[in-house]
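Colleague: I am new to reading models of this kind, and I would like to learn how to go from a single residue to its surroundings. Could you take me through a few features, one at a time?

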Amino acid sequence: MLSESKELKSCYTKKDRPLLAEPIGVRVRFRKVGDLQFISHLDLQRTMHRILSRAGIPVWYTKGFNPHIKLVFSTPLSIGMQSECEMLDIRIEREISCEEIKELLNREVTEEMKILDVYVPDTKFSDYVWSEYDIELGCGGLSAQTADQMNALASRPTWMATKTTKTGEKEFDMIPLIRVFHAAYCEESKTVKIHTVLNVSSDNYLNPTILLDALCKECQIDCENEDDFWMTIVRVGAFREDGVTPFR
């Protein structure tokens, strides 16, 4: 088991810690906001590898000719999207508390990648089915009528869209993949704010950018005008299959 000691043993090196009988899986929940929205998933993997090494976390390495840390992330973010609930699974081979892992990691990261929690999970990433997003759109001509039109679109019995897959373009119905959708016009900021919960399972993943492209097309919003149009997408929550139980 992981040590329950609350005292941070900063003098420890990895090899000072007793070996566990078997490596233990640990989940790290962290932010990815600000400028970090512009790094790719591959860059994030490389960055997290360096952070774990610099922090002295006693992670388990694969065996063989090319030992490496095994990192398993939850559903990757597209470039340009932010998150308050990213998750990473690692394996620990020596005694260390979750609290200590969190503190050591936070010494090596900025506020934009703050470690929010570290714990031993009782779920698999395949149990993660729904993601919650807060989205904000800004451009000239938005109004309360725009938000009403968006809500009407998401209330359709069917709403077909196209996505690119490994085998080519595929047409699919977005409605079963949208669990929650609410758009509202903000008079103060002159923007439309959207709160939505979308499917992120491996076989039914709905990227919010596909939804936004469809909204802009139907509402005649010129999202190609870089001088006028802007948007922010922030993943703020994760849920299991019922869409109510938080995934952690």
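Modeller: Let us begin with Ser 97, which in this predicted model has a relative accessibility of 4% and therefore counts as buried, since the cut-off is under 20%.

Colleague: How should I read the cysteines, and how many disulfides does the count come to?

Modeller: A disulfide is a covalent bond that joins the sulfur atoms of two cysteines. Here the count comes to 0 disulfides. Cys 98 is in none, as the nearest cysteine sulfur, that of Cys 85, is 19 Å away. The sulfur of Cys 223 is 4.5 Å from the closest cysteine sulfur, in Cys 216, and this is too far for a bond because the cut-off is within 2.5 Å.

Colleague: Are Cys 98 and Cys 223 buried, partly exposed or exposed?

Modeller: Cys 98 counts as buried, at 18% relative accessibility, whereas Cys 223, with a relative accessible area of 28%, is partly exposed.

Colleague: Which residues does Ile 69 touch, leaving out those up to four places away in sequence?

Modeller: Ile 69, in the loop between helix H1 (41-55) and strand E2 (72-73), touches His 49, Leu 52, Ser 53, Val 59, Trp 60 and Tyr 61, with that exclusion. Ile 69 counts as buried, at 5% relative accessibility.

Definitions and conventions:
Residues are numbered from 1 along each chain as its sequence is written. This is a predicted model: local features need pLDDT of at least 70, side-chain atom pairs count only at pLDDT 80 or more; totals for chains, interfaces and linings use all residues. Side-chain values use heavy atoms; hydrogens and water are left out. Helices (H or I, at least four residues) and strands (E, at least two) are DSSP runs, numbered from the N terminus. Buried means under 20% relative accessible area, exposed over 50%, partly exposed in between (1.4 Å probe, protein chains only). Contact means heavy atoms within 4.5 Å.
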